[in-house]
Amino acid sequence: MKRIITYGTFDVLHYGHIRLLKRARDLGDYLIVACSSDEFNETKNKKSFYTYEQRKMILESVRYVDLVIPEYSWEQKIADMEKYFVDVFVMGDDWEGKFDFLKNYCEVIYLPRTPDVCSTNTKQHLTLNKR
C-alpha cells in the first residue's frame, strides 16, 4: 500500500482543496491529511473560520481522504513520516523547496495550485457579502 500525506489548515474548503486532495490520493492508495490545530494556527497568526474539529469533520467526509490527523507544529513532520509509514509527501507548489529535507524519509512532490482560488479570498468575499 502506497501512503500519501499532505498538510494544511483546510479552512473554508473549496474546489482548489478538493483538487489537491484528489491529485494527492491519485498518487497512492491511502491519503492522510494533517490538519492544523487551532493552537498551531495561533502560533502562525492565523484565525480559522471553522474550528479544528469542524475542519476535521469536513475533511473526513471527502471521499479521497482516508485519515485526518492533527498538526500541532512544524517539527512533527518527520515523526509523522515514520509513524504512518508515509511513502509520498505532497504540498502545493507555493511551498516548493521548503520541505525537501523530508526526501530522506519519503518522496516529496509539489503539485501546482489551482489558479484563482484561495481560502483568504473566499473568506474576504464572504465577509464583504455579509454586510
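**Entry 1: helix H3**

Which residues in H3 are buried? I began my notebook with this one, keeping in mind that the model is predicted. I found Tyr-52, Arg-55 and Leu-59 buried in H3. Looking down the axis of H3, I saw these buried residues fall within an arc of 65°, so they line one face of the helix. On the face turned away from that buried side I noted the exposed residues Glu-53 and Met-57.

Next I asked what the buried residues of H3 pack against. My list reads H1, S2, helix H2 (38-43) and S3.

Lys-56 forms one with Glu-60, and the closest N and O atoms are 2.9 Å apart. Both residues lie in helix H3, four residues apart, which is about one turn of the helix. Lys-56 is partly exposed, with a relative accessible area of 21%. Glu-60 is partly exposed too, at 44% relative accessibility.

**Entry 2: the sheet**

I then turned to the strands. They form an open sheet of five, in the order S3-S2-S1-S4-S5, and the pairing is parallel. At the edges I found strand S3 (67-71) and S5, each of which pairs on one side only. Direction ignored, neighbouring strands of this sheet are turned by 25° against each other on average.

A reminder to myself: strands of a sheet pair through backbone hydrogen bonds, either parallel or antiparallel.

I checked two of the pairings in detail. S2 and S3 pair in the parallel sense over five bridges, and Ala-34 has Ile-69 in S3 as its bridge partner. S4 and S5 also run parallel, joined by five bridges. There, Val-88 has Glu-107 in S5 as its bridge partner.

**Entry 3: the nonpolar cores**

Which residues touch the most other members of the largest nonpolar core? This core has 18 residues, and the answer is Leu-21, Leu-31, Val-33, Leu-59, Val-65 and Val-90. I wrote down the elements that each supply at least two residues of this core: helix H1 (15-25), strand S2 (30-36), helix H3 (52-60), strand S4 (88-92) and strand S5 (107-111). Apart from this core lies another, of 15 residues, among them Tyr-7, Met-81, Phe-89 and Phe-99.

Leaving aside its neighbours within four places in sequence, Val-33 is in contact with Thr-6, Phe-10, Leu-21, Leu-59, Val-65, Leu-67, Val-68 and Ile-69.

**Entry 4: salt bridges**

How many salt bridges are there? I counted seven. Besides the one in H3, I followed two others.

Arg-25 forms a salt bridge with Asp-66, with the closest N and O atoms 2.9 Å apart. This pair links distant parts of the chain, as Arg-25 is in helix H1 and Asp-66 is in the loop between H3 and S3, 41 residues apart. I noted Arg-25 as partly exposed, at 23% relative accessibility. Asp-66 is partly exposed as well, with a relative accessible area of 34%.

The side chains of Lys-77 and Glu-71 also meet in a salt bridge, at 2.9 Å from N to O. Are these two residues buried or exposed? Both Lys-77 and Glu-71 are buried. For Lys-77 the relative accessible area is 1%. I placed Lys-77 in helix H4 (residues 77-83). Leaving aside neighbours within four places in sequence, Lys-77 is in contact with Tyr-7, Glu-71, Phe-89, Phe-99 and Leu-102.

**Entry 5: positive phi angles**

Last, I looked at two backbone angles. Asn-45 has a positive phi of about 60° although it is not a glycine. I found Asn-45 in the loop between H2 and H3, and it is exposed, with a relative accessible area of 73%.

Phe-85 is another residue other than glycine with a positive phi, near 50°. Where does Phe-85 lie? Its place is the loop between H4 and S4. At 61% relative accessibility, Phe-85 counts as exposed.

Key: Residues numbered from 1 in each chain as written. Predicted model: local features only at pLDDT ≥ 70, side-chain atom pairs only at ≥ 80, totals over all residues. Heavy atoms only, no water. Core = buried A, V, L, I, M, F, W, Y, C linked by side-chain atoms within 4.5 Å. Buried < 20%, exposed > 50% of the residue type's maximum accessible area, 1.4 Å probe, protein only. Contact = heavy atoms within 4.5 Å. Pairing = 2+ DSSP bridges. Axes fitted to C-alpha atoms, helices over the stretch in contact; angles between N-to-C directions. Arc of directions from axis to C-beta. Salt bridge = Lys/Arg side-chain N within 4 Å of Asp/Glu carboxyl O.
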